[in-house]
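Please look over the sequence and the structure before reading on.

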Amino acid sequence: MKKSKFSETQIIKILKSQESGQSVTDICREHGISQGTFYVWKSKYSGMESSQLKQMKDMERELAQYKKIVAELTLQNTVLKDVIGKKALGPAEKRELVGYAREYFGMSLRQACAIFFLSTSVFYYRAKRKDDTEVIEQLSKLAELHRTWGFWMMYHRLRKLQYMWNHKRVYRIYTSMRLNLRNKRKKRLPARVKSPLLCPIGPNITWSLDFMHDTLASGKTIRTLNVIDDFSREALSITVDTSLPAQRVIRELEKLLEWRGKPEKIRSDNGPEFVAEAMRGWCEQNNIQWEFIQPGKPTQNSLIERFNRTFRQDVLDSYMFDSLPDIRKYADAWAWMYNNERPHSSLGQLTPAEFLLKYGKLSEFPTFQQDSNSNSDWNSLVLGVAS
């Protein structure tokens, strides 16, 4: 449609000239318009003032805006009704809904992002994930070497190996590799210990002893005598044999006293080897206090019980042994790894050796690592079995 050369305000002035007495013919000749045009203007603008014309234009403009808003809200309502039930929690799901709204309803990107509360920058963003090959490789090695270690044990071990990855990234890869262990929790009764288990303030104050039982591949029964230092949770000795009477226990303790020094107190259960007369005489001779827990109360010696559980999971339950030398080799290698590589949550994720070093006690109290005559390495043993 051809645009008129007269504005609406000018048209109203032209119509006003007729009301002042000027004829239509003179008006048309003066302004160069036809009489038809004049009467069309008159039917549209007759009796209207310039201020009224402005108000009418404002109302038309507002009406157009309202129509646009209603159209947009109607479209948004239609889209939301269609996608109801499609739960959009994260940016990825919201991107899919934005694409759906644009494809099936012809919405603009701005409209689609607005109804799903997604900014356009997030819509266009594409994550550039780092290469996780090295993390996968290190987690695979740890999982192969230490089958009973959980996530936090592996994570703190990686930190000690100078791999400073964020724990959230490591856990994401850890779960994607399906390395997470099933956590079996028991319903435990409240502790009923009369005297609390006190943690000593230094090494060689309290040792804990306990026996464990297992069988060789031939079915022959074996026993292990485990000794730890309660201060640093350090494995002092793991003795393996078919029989461990009181005299043998005394000989093993004498060996410990030679290189480690004498403790002030030893804690154990009421086993026949520990309550024997020979053991009582040895304690009196060496001025060592022997503390027995209450019968049927293993929680009163919980530090060695926790150590036994770890030793059973990592060694006794994980491998089948044919001979005593074979299991002794594994036990010595595992004890070295336990003291020098395995992080302990009760020690602030430090190893027993690091815990002694932190308190300046490593030079005063030799560790199992320094005095072991075994050249067996836990990693090489495990990898050798796996290959």
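The buried residues of helix 9 are F151, M153, M154, Y155, H156, R157 and L158, where buried means under 20% relative accessible area, exposed means over 50% and partly exposed lies in between, computed with a 1.4 Å probe on protein chains only. Helix 9 spans residues 151-160 and is mostly covered, with seven of its ten residues buried. Helices (H or I, at least four residues) and strands (E, at least two) are DSSP runs, numbered from the N terminus. The model is predicted, so local features need pLDDT of at least 70 and side-chain atom pairs count only at pLDDT 80 or more, while totals for chains, interfaces and linings use all residues. Residues are numbered from 1 along each chain as its sequence is written, and side-chain values use heavy atoms, with hydrogens and water left out.

Helix 8 and helix 10 are included in what covers the buried residues of helix 9, contact being defined as heavy atoms within 4.5 Å. Helix 9 is followed by Q162, whose phi is positive, near 70°.

## Helix 8 against helix 10

Two packed helices are described by the angle between their axes and the distance between the axes. For helix 8 (residues 133-145) and helix 10 (residues 167-176), the axes come within 10 Å and cross at roughly 65°; axes are lines fitted to C-alpha atoms, for helices over the stretch in contact, and angles run from 0 to 180 degrees between N-to-C directions. Helix 8 and helix 10 are therefore roughly perpendicular to each other, on a scale where angles under 35 degrees count as roughly parallel, over 145 as roughly antiparallel, 65 to 115 as roughly perpendicular and the rest as oblique. The crossing of helix 8 with helix 10 is right-handed, a crossing being right-handed if the near helix is turned clockwise from the far one by less than a right angle, and left-handed if anticlockwise. On the side of helix 8 the contact is made by V135, I136 and L139, and on the side of helix 10 by R169, V170, I173 and Y174. These residues divide into six nonpolar, no polar and one charged, where Ala, Val, Leu, Ile, Met, Phe, Trp, Tyr, Cys and Pro count as nonpolar, Asp, Glu, Lys and Arg as charged, and the others, Gly among them, as polar.

Helix 10 also holds R172, which is partly exposed, with a relative accessible area of 32%. Leaving aside residues up to four places away in sequence, R172 touches R129 and D132. In helix 5 (residues 91-105) lies K94, which is buried, with a relative accessible area of 19%. The C-alpha atoms of K94 and L118 are separated by 7.1 Å, although the two residues are 24 apart along the chain.

Five strands form an open sheet of mixed pairing in the order 3-2-1-4-5, and two strands pair if DSSP finds at least two bridges between them. Strand 3 and strand 5 (289-292) stand at the edges with a single partner strand each, so one side of each is left without a neighbour in the sheet. The twist averages 25° from one strand to the next.

| Pair | Sense | Bridges | Facing residues |
|---|---|---|---|
| strand 1 and strand 2 | antiparallel | nine bridges | H213 and R223 |
| strand 1 and strand 4 | parallel | three bridges | S208 and R267 |

T206 also stands opposite K265 in strand 4. In the hairpin of strand 1 and strand 2, five residues lie between the strands, and G219 takes a positive phi near 95°. The hairpin of strand 2 and strand 3 has four residues between the strands, and there R233 takes a positive phi near 60°.

Eight of the ten residues of strand 1 are buried, so strand 1 is largely enclosed by the rest of the structure. For strand 3 (residues 234-241), eight of the eight residues are buried, so strand 3 is likewise largely enclosed by the rest of the structure. Helix 11 (residues 246-260) lies across strand 1, strand 2, strand 3, strand 4 and strand 5, and runs at about 145° to strand 3.

## The chain as a whole

The protein chain has 17 helices and five strands, and buried residues make up 40% of its 387 residues. Among contacts between residues at least 6 apart in sequence, 62% join residues at least 24 apart.
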